[in-house]
Amino acid sequence: MAIVIRNGIQETTLRLLQYVHAATARSASCGVILAPCAKLNSKTLELAKGLLGKNDDSVSVRLFHDDPNQVLCAVLDGGTLASTHYASLVLKDFLQPQHLLQGQLIVSGFPESAKPTESAIAAFLQQAIQSRGNDEAIQFFTAAHAETSVLIADPDDLVREFIKIRLELKGYRVYEAKDGQEAYDAFVRTAPDVVITELNLPILDGYQLIRTIGRQESHDGKVIVLTDKQLPEIRSRAYESGAADYVTKPLSISELEWKIKRLTANP
Amino acid sequence: MRMLEYYLQQAANFMREFLLGYGYFAMYYALAITFVYFLIFGLSIRHTFPLQRGIRYNRVRKLSGSEHLPPVSLLVPAYNEELMIKENVRSLLALNYPEYEVIVVNDGSKDDTARIMIDEFRLKEIKPFVADRIKTEKIRGYYHNPEYPNLYFIDKENGGKADSLNAGINLSRHPLISTIDADSLLEKDALTRIARVYMENPEETVAVGGNVRIVNSCTVEDGMVKNIRFPKQWWPALQNVEYMKAFLGGRIGWSAVNGLIIISGAFGVFQKDKVIAVGGYRGGYPGEDMNIVIKLHRYCLENKIPYRVGFCPDAVCWTQAPDTYRILSSQRMRWGRGNLKNMIEEGIHMAFRPRYKVFGLLTLPYNILFETLNPYFRLSGLLAMIGYWLLNMSDWRTVAVFLLVNFFSCFILSLGALYIEEKAFSRYPKLSDLNKMMLYSFLMFLGYRQVGVLWRFLGHVDFFRNNNTWGTMVRTNFNK
Amino acid sequence: MYINIEVAIKFLYALLVLNVGFAVAVYAMKIRKLGRVRTERRFEVKLKDYLTYILVHIEGNEPLNAPPFALNKAERQAIQERLNDMIENFTGTARDKCMELCNRLGLAQAHLDRLNKGSYSVKIDAAYHLGCMRVREAVPALLQLLETHKLNSSLFVIARSVAKCARDERDVNEMVRIVLRHNKGFYDLLVDMIKEADIDHGALFAEFIQRDSHEFVKIGLCGLKDYTDPTVASAAYRLIDSPDGAIQSKAAEIYLKSVHFIPRNVVQKLLRHPTDEVRVLALQAIADLRLATYVDVMGNALRDESIRVCDAGAKGLLLLGEGGIAELCGVAAEARGSRQGEYLRMLIEEQIQSLSSQLHDLDRLTRYNSLVYHYEKTFGKRNRIYRVV
């Protein structure tokens with residue numbers, strides 16, 4: 001039984017690989033959406049395919065349903081990660097009302113998210129199969145697995161969510177905390193390499209968090225301060241408390257990413 | 001025998017005439033109160049719309065990070081607060097505000113308040129230089145820890161709340177001061193909201209009051225109010241609707257005509273130089289919160305300084321309401337005593353004099369006649385009713401109509417307050433809370449208002465007996 | 001009273017109607033709000049995926065697409081709120097793309113229409129949203145609304161929107177001109193608003209302080225609080241002689257923060273200024289810049305009547321090396337017995353105490369030794385409250 005399933009995965013993997021290579025050989029990008037899904041009849045399949053291709057003319061869509069694994073596969077030849085992501089929204093909006101969706105949609109773009117190798121696609125497929133039963137948000141598959149873990153402490157939901165999404169896409173492992181106490185507990189529990197924190201945190205404020213982290217001998221965590229305060233006194237106070245770097249809001253995510261890279265590059 | 005009958009007859013006729021006259025007087029008195037109430041409530045409702053716009057269209061979070069917000073010194077007088085002082089001070093140190101200092105003043109507590117503060121924040125004694133413009137009781141020491149650069153602690157001999165505030169004023173560095181009760185929970189953006197009101201007219205705004213809401217039965221976590229619920233117990237519930245009526249229905253309207261007579265001691269922001277100019281807080285007697293506002297009005301009006309005393313209902317401070325008869329009555333008697341003293345000391349000199357504009361011509365007469373002297377009018381009204389009954393003058397229909405008119409004209413004011421709450425703030429998420437508010441607004445008339453009048457009268461009695469204690473105060477934790 | 005019973009009953013009926021009316025209104029508002037909260041929560045789930053899409057690709061090259069599903073009014077409002085938050089929190093490409101998305105969703109145009117043709121409260125609502133979305137085309141209409149508006153909180157909402165949408169300095173200038181007509185001294189608020197505009201603030205404020213109008217000068221000084229380049233310094237220097245007291249102190253503050261050296265005549269002028277705040281700032285600046293040549297001037301300041309100035313002078317002298325400390329002890333000894341003298345002596349003793357616990361620091365060690373030596377010399381060896389290192 002196990003052999004049959006494995007062959008099923010391998011078969012689909014190879015098929016997807018073929019499609020993706022067809023695109024990347026021409027130096028175009030290729031987006032793939034996988035979702036655990038009930039069997040679609042041919043009419044529904046045609047409708048879905050039409051919807052997916054409607055947005056962008058330069059993209060050609062291949063849509064098929066993998067019976068043994070019960071996974072719907074969509075390959076968007078020529079689609080970037082952005083347009084593929086958007087297409088996944090369209091697809092979800094189409095499948096959900098008809099109760100065909102049985103899990104989470106996983107989106108990936110080649111070569112943006114990963115190199116188009118057999119193992120990558122196999123892992124991708126596995127992730128899709130394992131998401132069966134979840135009815136949560138659309139997920140990404142990415143081969144980038146940085147060993148760095150990051151803890152973000154900020155009471156503002158939007159900022160936290162934004163940083164989490166962006167960093168996870170780059171392969172960082174991200175932990176969140178809404179206030180100083182939660183941040184400290186998370187720090188002790190998960191020992192992240194970098195901590196990004198606001199200064200104005202409830203319960204334990206940013207300066208104290210930085211100092212307490214500095215006093216931890218078991219683990220050396222570098223702290224980047226992310227805040228909207230620009231007064232030079234506050235900046236120097238942050239550095240005095242032990243912060244390694246300082247980023248002001250409104251936020252530029254690329255600046256933040258560079259600073260994280262720089263801080264974790266040095267051993 | 002016939003002579004006696006004759007004289008009794010004459011007396012009865014005289015009484016009838018007198019009571020008839022009194023009846024007209026009472027009617028005019030009631031009409032006057034109703035008129036002023038309706039005027040103020042009408043103003044409150046009318047003012048709700050621009051107020052709501054000011055709240056909705058200002059991005060408070062962004063403003064909280066601005067370096068142009070005025071620096072504020074928070075003064076926190078504390079007496080026997082060992083239970084909650086740690087958490088409350090930590091909560092005050094974590095406000096969303098760029099530049100402020102927290103000055104905690106220990107008013108000679110008999111418990112461990114001072115020791116807990118010093119231990120918790122590892123405070124060391126310092127010798128700052130302190131202005132001495134206002135005299136206070138002896139200071140035992142000033143404490144500070146550079147790791148908490150915004151926190152200062154003053155340990156002093158007992159002298160009362162006003163005295164502690166004055167000591168805090170002497171140490172404070174910033175041009176704005178804010179008085180906070182040690183047991184109240186300030187919302188994180190409350191200071192920013194008041195600062196916005198201040199910044200729109202910085203020179204003229206001498207004082208801004210915040211809104212005080214009742215935290216009983218709400219869940220409090222980590223110094224923040226998480227689940228807002230209407231209080232479950234009787235006394236806090238009645239006080240809740242009473243506060244809403246007074247703050248939302250009353251203070252908004254009064255501040256619109258610049259006739260606000262009181263800013264809660266639990267949360268208010270003042271211009272320091274004006275407070276010092278009027279001699280600081282008057283100690284030795286309750287009612288210093290009303291006293292300072294009256295003095296500010298007088299100072300500005302006498303010196304022809306353009307000014308306003310504002311009210312910012314979206315800046316919220318949560319406080320625990322007394323939940324037993326004993327504590328509540330003691331509080332209200334204290335208020336009654338303080339009110340009377342303020343009227344005698346300050347109010348009488350300003351009432352009915354055009355020099356003092358709205359404050360003198362409307363606020364103070366209203367306060368003296370309809371608040372301070374209210375118990376006496378009600379008492380005489382009660383006696384008159386008895387007289388009517390004895391002399392068979394009463395017509396049940398008239399009495400019923402009178403009572404119903406009285407009830408509905410008061411109830412509509414409660415409804416007005418609920419309307420404002422729903423329109424501009426809508427803090428209570430559940431429909432059941434609204435039902436309870438309606439119910440308790442109704443129940444207020446079945447004894448709560450009456451017993452309030454009694455407490456006020458007893459407060460006056462205390463005043464005349466020169467009784468000057470603070471009565472019973474029992475601290476309990478939040479989350480009850 | 002018996003005559004008025006009919007009137008009273010009519011009044012009673014009127015009251016009853018009003019009561020019922022208000023009660024109904026309150027319940028209606030509550031129920032409507034509850035319904036709105038429910039729809040928002042339902043929409044939350046639907047919106048999450050779309051928002052993730054926006055957040056992920058917000059700095060990419062491609063434009064953001066509109067959501068693939070149709071939106072009703074409440075849902076449009078929810079998206080508008082989110083986009084407002086994003087535009088406020090992000091900068092650069094991310095912000096531009098959000099603004100472009102607002103255009104694509106038709107939100108910008110919808111609010112522009114409302115601004116032109118709505119009732120008063122609709123206009124203010126539209127002005128607020130246009131400001132959040134930073135719609136440049138809205139500026140003329142917004143300025144027109146601002147022109148005829150009276151002084152209350154909504155005036156500032158519109159003014160802030162103008163600043164956020166401003167195309168260039170002229171728009172900001174115009175906004176300031178109109179708002180200053182109701183002047184109530186709200187300069188800090190104005191500066192905060194101006195800083196939301198996408199223009200060169202430093203240049204604008206520098207231009208303001210060179211105008212004749214005191215109001216503009218004050219706004220400029222307020223805004224230049226953290227700018228420290230030399231051109232600012234020279235403009236600020238000229239303003240120290242301004243007739244207005246507030247301008248003098250602010251200008252002095254900015255001047256002192258932006259120079260690296262203060263000429264003697266300026267030092268003397270500042271130390272003679274009537275406001276003690278200015279004197280304090282001057283002394284602190286001399287100390288921060290380590291201008292040891294002014295030790296004598298600072299010594300004079302120790303005799304100042306204001307204790308704050310005396311304190312600032314003393315603390316400054318401690319940082320000016322051997323000469324400063326000698327001067328400090330000398331003046332303290334001379335003034336022995338007076339209030340100043342006692343205060344200075346207490347300060348010196350306190351410094352000795354606190355420094356004696358920080359002797360691992362070379363700088364502090366030097367200071368400690370110096371202080372102890374001069375203290376002994378001037379006050380005598382009697383009070384051994386320190387230890388010699």
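B:Met343 sits in helix 10 (residues 325–350) of chain B, where helices (H or I, at least four residues) and strands (E, at least two) are DSSP runs numbered from the N terminus. This is a predicted model, in which local features need pLDDT of at least 70, side-chain atom pairs count only at pLDDT 80 or more, and totals for chains, interfaces and linings use all residues. Residues are numbered from 1 along each chain as its sequence is written, while chains are lettered from A and ligands numbered from 1 in the order in which they are written.

**Around B:Met343**
- B:Met343 counts as buried because 20 other C-beta atoms lie within 10 Å; the cut-offs are 20 or more for buried, 12 or fewer for exposed and partly exposed in between, with C-beta atoms placed from the backbone.
- Leaving aside residues up to four places away in sequence, B:Met343 touches B:Ile348, B:Asn367, B:Ile368 and B:Thr372 (contact means C-beta atoms, placed from the backbone, within 7 Å).
- B:Leu379 is 36 residues from B:Met343 along the chain, and their C-alpha atoms are separated by 20 Å.

**The sheet of chain B**
- In chain B, 10 strands form an open, mixed sheet in the order 3-4-5-2-1-6-11-8-12-7, with strands taken as paired if DSSP finds at least two bridges between them.
- Strand 3 (124–126) and strand 7 (185–186) of chain B each have a single partner strand, so they stand at the edges with one side lacking a neighbour in the sheet.
- Strand 7 of chain B runs antiparallel to strand 12 (residues 308–319) of chain B, and two bridges join them.
- B:Leu185 has B:Trp318, in strand 12 of chain B, as its bridge partner.

**Chain C on its own**
- Chain C holds 20 helices and zero strands.
- The radius of gyration of chain C is 32 Å, whereas a compact globule of 389 residues would have one near 21 Å (taken over C-alpha atoms; the globule rule is 2.2 Å times the number of residues to the power 0.38).
- The C-alpha trace of chain C spans about 90 × 80 × 45 Å along its principal axes.
- Buried residues make up 38% of the 389 residues of chain C.

**Where chain C meets chain B**
- Chain C brings 37 residues to the contact and chain B brings 38 residues.
- Helix 1 of chain C gives the largest share of the side of chain C that touches chain B, 17 residues.
- That side of chain C divides into 24 nonpolar, five polar and eight charged residues (Ala, Val, Leu, Ile, Met, Phe, Trp, Tyr, Cys and Pro count as nonpolar, Asp, Glu, Lys and Arg as charged, and the others, Gly among them, as polar).

Definitions and conventions
Two residues are in contact if their C-beta atoms, placed from the backbone, lie within 7 Å.
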